[in-house]
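This report concerns a sheet, the helices packed on it, and a cavity. Please consult the sequence and the structure shown here.

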Amino acid sequence: MRHCLIRTDANKNIGLGHLIRMNGLAEYLENAKIKPIFLLKNSDKNISELDFVISAKKQFHADLLIIDYYDIKEKDISELSKQIKILFFDDFQHLDFYDVDYIVNVNYYSKPLSYKTKKTCKVLLGPEYFILREQIKNAVRNRKDNNFNLVITLGASDYQNLNYNIIKTLIPLKKEKKDLNIILITTKMQDEKNLKKLKELEKKIKIYYSPENFADLIASAGLAICNGGLTKYELAYLGVPAVGIAQIEHQEILLKNYEHLGALVYAGVGKNLDLDNLYNIVHDIAFDKKKLNQMSNAGKKIIDGNGGDRIVYY
């Protein structure tokens with residue numbers, strides 16, 4: 001069996017998105033009889049990036065390195081490319097030159113991008129290369145007519161305390177929309193202060209920490225609030241309309257471009273979020289069945305679920 005290395009990381013600062021994406025890809029690699037070896041360093045400065053990866057290459061006799069990790073340096077990539085083929089996952093074209101063999105950028109805005117690469121590099125752009133995890137692919141849209149679930153899923157680490165502020169803003173909507181249930185999906189990978197504040201809300205909403213039934217929860221949503229990461233594509237596949245909030249600067253570009261596809265309404269940047277505007281957006285969509293159906297149908301056209309197979313094919 002072939003072995004490939006997956007260089008990624010996950011921690012409180014960067015969240016779990018990169019690791020989750022690579023876990024999804026690992027499912028497809030294993031189906032293709034390729035054994036993925038995960039390399040997580042988590043800012044361990046006692047070993048250099050090059051030594052870390054090269055040591056693993058020798059140990060596992062790997063012939064492919066997959067990188068889904070923003071902080072790796074261009075010079076390290078160039079050195080590694082001399083010894084192993086590289087598949088690089090990119091989201092916002094942050095490097096000047098990509099000395100790799102394959103680039104994957106699943107974002108809608110990536111279509112017009114022109115990467116500076118070596119001539120032999122294959123560049124795979126657009127949502128058709130989105131890796132849909134098996135649990136999402138197998139989930140069934142299970143929204144009930146007598147319940148309107150508003151699912152809030154903003155990622156693993158809530159360093160801007162958005163969850164609490166958003167929920168406090170939206171709870172009054174329950175008075176007008178009697179069938180509204182607010183569901184928060186988050187993790188305990190955040191400050192203790194944030195967790196205590198969320199506990200205050202447990203009588204008014206449902207909170208799930210790192211739930212195993214994540215796919216079923218988002219599939220039950222009448223509307224979801226998400227960040228600019230990968231979940232917006234999973235919601236689209238399931239036909240769940242979404243309101244998008246950028247947590248970091250590059251997500252603003254992703255969400256503004258993605259909004260044109262019709263499956264999501266962009267609400268602003270987290271640190272400067274206008275909560276009154278967010279309330280109005282959620283209110284207007286939640287009471288507009290025609291809008292909800294249009295957004296749901298638009299989402300289903302974006303992701304076909306075959307992105308992982310397309311990547312492994314190359």
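Predicted model: local features only at pLDDT ≥ 70, side-chain atom pairs only at ≥ 80, totals over all residues.

Residues are numbered from 1 along each chain as its sequence is written, and side-chain values use heavy atoms, without hydrogens and water.

An open sheet is formed by 6 strands (DSSP runs of E, at least two residues) with parallel pairing, in the order β9-β8-β7-β10-β11-β12; strands pair if DSSP finds at least two bridges between them. Because β9 (206-209) and β12 (264-269) stand at the edges with a single partner strand each, one side of each lacks a neighbour in the sheet. From one strand to the next, the twist averages 20°. Strands β7 (residues 148-153) and β10 (residues 221-226) run parallel and are joined by 5 bridges. T153 has C226 in β10 as its bridge partner.

Two helices (DSSP runs of H or I, at least four residues) touch the sheet, contact meaning heavy atoms within 4.5 Å. Angles run from 0 to 180 degrees between N-to-C directions, with axes fitted to C-alpha atoms, for helices over the stretch in contact.

| Helix | Strands | Angle |
|---|---|---|
| α9 (residues 231-238) | β7, β10, β11 (242-246), β12 | about 165° to β10 |
| α12 (residues 289-300) | β7, β10, β11, β12 | about 95° with β12 |

The structure holds 1 cavity of 30 Å³ or more. On a 1 Å grid over the protein atoms alone, a cavity is a set of points where a 1.4 Å probe fits but cannot get out, and lining residues have an atom within 4 Å of a point. Grid points are joined across faces, edges and corners, and the volume is the space filled by probe spheres set on them. The largest cavity contains about 40 Å³ of space, and its lining consists of K12, S157, D158, Y159, Q190, D191 and N194.

Definitions and conventions
1 Å grid on protein atoms, 1.4 Å probe; cavity = no way out; pocket = protein on both sides within 12 Å on 5 of 7 lines; lining within 4 Å.
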